[in-house]
Amino acid sequence: MSASTQDKSLGIRLNRGLLGFARNWLKVVTLILFLYVGLPIAAPILMHFGATGPARVIYTMYSPLCHQFAFRSWFLFGAQPAYPRAEANFPSLLPYETFRSNVITASDLPVGAPIPNLSVWGADLITLSRAFIGDAQMGYKMALCERDIAIYGALFIGALLYSIPGVRGRLRPVPFWLYVLLGLGPIGLDGFSQLLSEAPFSLWTERETTPLFRVLTGTLFGLMNAWLALPYFEESMRQLASDMTAKFARRAARNVSQLTA
């Protein structure tokens with residue numbers, strides 16, 4: 001087979017692959033979202049049942065993608081589903097520092113190191129809570145924080161809803177004002193008001209968002225992004241599929257004309 005024939009054959013395969021993706025892009029996106037949000041949930045399950053190696057791989061994979069603070073994460077198989085800081089003022093859950101301060105002793109630390117103070121925002125709290133995966137008492141944290149689980153879970157749910165016949169292809173992108181009001185507004189106000197209350201900014205009294213409010217703002221952000229992006233993807237993929245189908249039709253017509261010439 002000549003080089004030009006090989007290049008042509010490769011080009012045809014790539015074009016067919018592109019056409020297949022254009023026709024099935026929603027299934028691909030839904031599967032990717034399912035895996036992306038499913039693996040962090042699988043990590044604590046694997047830890048609980050002793051598969052620590054695969055679980056730690058998942059925690060490591062997601063570490064650059066999320067802060068993984070234990071006090072802002074969901075836990076499985078422990079005393080509580082979450083361990084927010086005392087500043088969150090969530091009476092139904094005992095604070096994170098209450099649990100961790102009781103188990104961190106001098107024997108857990110380098111020789112001469114002081115017992116860390118987990119009751120204030122600082123390096124001790126940030127470093128130790130990020131590294132802490134869990135234990136038999138507290139359970140094991142998910143590899144994404146509460147808000148990220150809500151965001152990507154809502155994107156996954158949005159993709160499922162968009163796949164319903166009668167919705168796909170008819171739903172228009174969310175109006176921009178509504179996207180800003182419900183998507184960007186709550187999560188932006190919550191995140192920045194919390195960030196700017198912490199050191200080194202400390203612009204006002206420190207505040208810590210409750211787990212339920214993290215879920216609410218994350219879910220709104222995820223659903224609004226799904227509503228915004230999926231209709232645009234649908235329009236683009238339909239156009240791409242139409243263009244690729246026309247391209248194959250033209251190629252087939254040329255082949256027929258060459259054979260009959």
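Colleague: Which helix gives the most residues to the lining of the largest pocket?
Modeller: In this predicted model, the largest pocket holds about 150 Å³ of space, and the elements that give two or more residues to its lining are helix 5 (146–162) and helix 7. Of the residues in that lining, which include Leu-223, Trp-227 and Pro-231, 5 come from the element that gives the most, helix 7.

Colleague: Is Glu-198 buried or exposed?
Modeller: Glu-198 is found in the loop between helix 6 (176–195) and helix 7 (211–260). Since buried means under 20% relative accessible area, and Glu-198 has 5% relative accessibility, this residue counts as buried.

Colleague: With which side chain does the side chain of Glu-198 make a polar contact?
Modeller: Leaving out residues up to four places away in sequence, Glu-198 touches Trp-121, Glu-206 and Glu-208 as well as Arg-72. The polar contact of its side chain, at 2.8 Å, is with the side chain of Arg-72.

Colleague: Does Thr-30 count as buried or exposed?
Modeller: Thr-30 lies in helix 1 (residues 3–48) and, apart from neighbours within four places in sequence, is in contact with Phe-156, Ala-159 and Leu-160. Because its relative accessibility is 14%, Thr-30 counts as buried.

Note on methods. Residues are numbered from 1 along each chain as its sequence is written. This is a predicted model: local features need pLDDT of at least 70, side-chain atom pairs count only at pLDDT 80 or more; totals for chains, interfaces and linings use all residues. Side-chain values use heavy atoms; hydrogens and water are left out. Helices (H or I, at least four residues) and strands (E, at least two) are DSSP runs, numbered from the N terminus. Buried means under 20% relative accessible area, exposed over 50%, partly exposed in between (1.4 Å probe, protein chains only). A polar contact is a pair of N or O atoms within 3.5 Å; within protein, one must be able to donate a hydrogen and the other to accept it, and residues adjacent in sequence count only if both atoms are side-chain atoms. Contact means heavy atoms within 4.5 Å. On a 1 Å grid over the protein atoms alone, a cavity is a set of points where a 1.4 Å probe fits but cannot get out, and a pocket is an open set with protein on both sides within 12 Å along at least five of seven lines; lining residues have an atom within 4 Å of a point. Grid points are joined across faces, edges and corners, and a volume is the space filled by probe spheres set on the points.
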